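Have a look at the structure, try each task, then read on through the solution.

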Amino acid sequence: MTRRHGYALLSAIVAMIVAICAAIYVGVASDDGDARNTLASGSTPHNSAAPASAGVWVGAWSASPVGAEPGTETNGMAGRSVRNVVHAGVGGAAARITLSNLYGQQPLNITHASIAVAASANNATAATDTMRRLTFGGSTSVIVPAGQQVVSDAVRVLIPHDTDILVTTYSPTSSGSVTYHPQARQISYAAEGDRTEDLSGAAYTEQTPYWRYLTAVDVLSHESEGTVVVIGDSLTDGVSSTTGENRRWTDVLTDRLRENRSAPRYSVVNQGISGNRVLASGIGRPAENPSGLTRFDRDVLGRTNVKAVVVVLGVNDILRTPHQTDANMITAGLRALKQQAHARGLRVIGATLMPFQGHRGFQPDLEATRQAVNAQIRSGKVFDDYVDFDKALRDPYDPRRLRSEYDSGDHLHPSDKGYEQMAETFDLSALKGTAPAQL
């Protein structure tokens, strides 16, 4: 894949189009979802006007909350600005964000938040005329109770597709552990003091490979009619893909959906968690790295305007200790995910489990379980449809291994080329339609 385009002329183009959009989008946006905010009182800033209802709210980006960031138990990010860099797969004329304090031990006090388009890829500097102050129920501040999340008000800002977005928050007080997503494959930033509306990235001298607090960015889009949610493990999270290049297989799928005129007009959001399993969660309350069954309602059904679901889970149930060697247990869990989606009328596409011989966790009996799970998926008894990632990436001369050019080197995670092959293998027409009728 080539480096993302559109940054060279972005500042001049955005300044012109935002002015046009400001004349068109007036009033309050409609919302297809049922997101609920926890709000604090306060004043309304000058740029809080939300857009009109033209367009459709869809997910432009998301990441699942995974756990509590180590080392933040005492002070959290008190007195510092957190500038998350995320990539918008689809564009829109307005945006809103979701902040999570799921793993916080006390209320998270956000006194200032902003959103902007990045001036260039992998950069903490904002493009000219794109910085917008965010509000929550008309207030510039919000308190997020421990274990909860909030959704911001919509704000007018033109977000081109295939560009980086800067979402910045500031908290003056300690909230305890920071809710984070560790395998971002993207560098974000932090700065001392309230630098929330700094256009320049000069103050953002601290780099981090994590996303903090931020779990979703939605846009009011004319490019997309709905959202595809992909729930998965490290193979969806993009482990081993090139940092900052957006080369996860879901990024390539996003490009394919946008460029193929006969494909559904859907955005794609990535709900991968490295190490994630279908059946078992990690330790703690709430559990870190919650199982697919535990998090499906929040991370999939809770996303904006969902039209289809893709499930890429199961390999960690086999590989991680204690090993699950009963294929029927794994496929029963996968069918339970499908049933949750069907209750919402959503179509579910699953994926076969890719090979991992050569990985440090490989054992012959685990390979037998993988093959048994794949046989059930291919039989059509687990999902509405499936994509055969196993067939697409395995070595034809040794099908228990990844093909060498698709192997990152650890014999489990694909290379950039392997992730691209996964997306190219995906039949876009499989996303069309709805779930079978419930009898």
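**Exercise 1. Find how many cavities of 30 Å³ or more the whole structure holds, and give the volume of the largest cavity.**

Start with the search itself: run over the whole of this predicted model, it turns up 5 cavities of 30 Å³ or more. Next, pick out the largest cavity, which has a volume of about 270 Å³. Its lining is made up of 26 residues, and the closest to the centre are Trp61, His87, Arg248, Asp251 and Asn270.

**Exercise 2. Work out which helix gives the most to the lining of the largest cavity, and why this cavity lies between two domains.**

First, list the elements that each supply at least two lining residues: strand 1 (56-62), strand 3 (80-88), helix 3 (249-259) and strand 18 (266-272). Helix 3 comes out on top, with 5 residues.

Now bring in the domains. Domain 1 (64-219) and domain 2 (225-434) both give residues to the lining, so the largest cavity lies between them.

**Exercise 3. Sort the lining residues of the largest cavity and of the second largest cavity into nonpolar, polar and charged.**

Take the largest cavity: its lining splits into 9 nonpolar, 10 polar and 7 charged residues.

Then move to the second largest cavity, with about 70 Å³ of space. Among the residues lining it are Asp233, Leu235, Gly314, Thr352, Phe389 and Met422. Sorting this lining gives 8 nonpolar, 2 polar and 1 charged.

Note on methods: Residues are numbered from 1 along each chain as its sequence is written. This is a predicted model: local features need pLDDT of at least 70, side-chain atom pairs count only at pLDDT 80 or more; totals for chains, interfaces and linings use all residues. Side-chain values use heavy atoms; hydrogens and water are left out. On a 1 Å grid over the protein atoms alone, a cavity is a set of points where a 1.4 Å probe fits but cannot get out, and a pocket is an open set with protein on both sides within 12 Å along at least five of seven lines; lining residues have an atom within 4 Å of a point. Grid points are joined across faces, edges and corners, and a volume is the space filled by probe spheres set on the points. Helices (H or I, at least four residues) and strands (E, at least two) are DSSP runs, numbered from the N terminus. Ala, Val, Leu, Ile, Met, Phe, Trp, Tyr, Cys and Pro count as nonpolar, Asp, Glu, Lys and Arg as charged, and the others, Gly among them, as polar. Domain bounds come from an automatic or database domain assignment.
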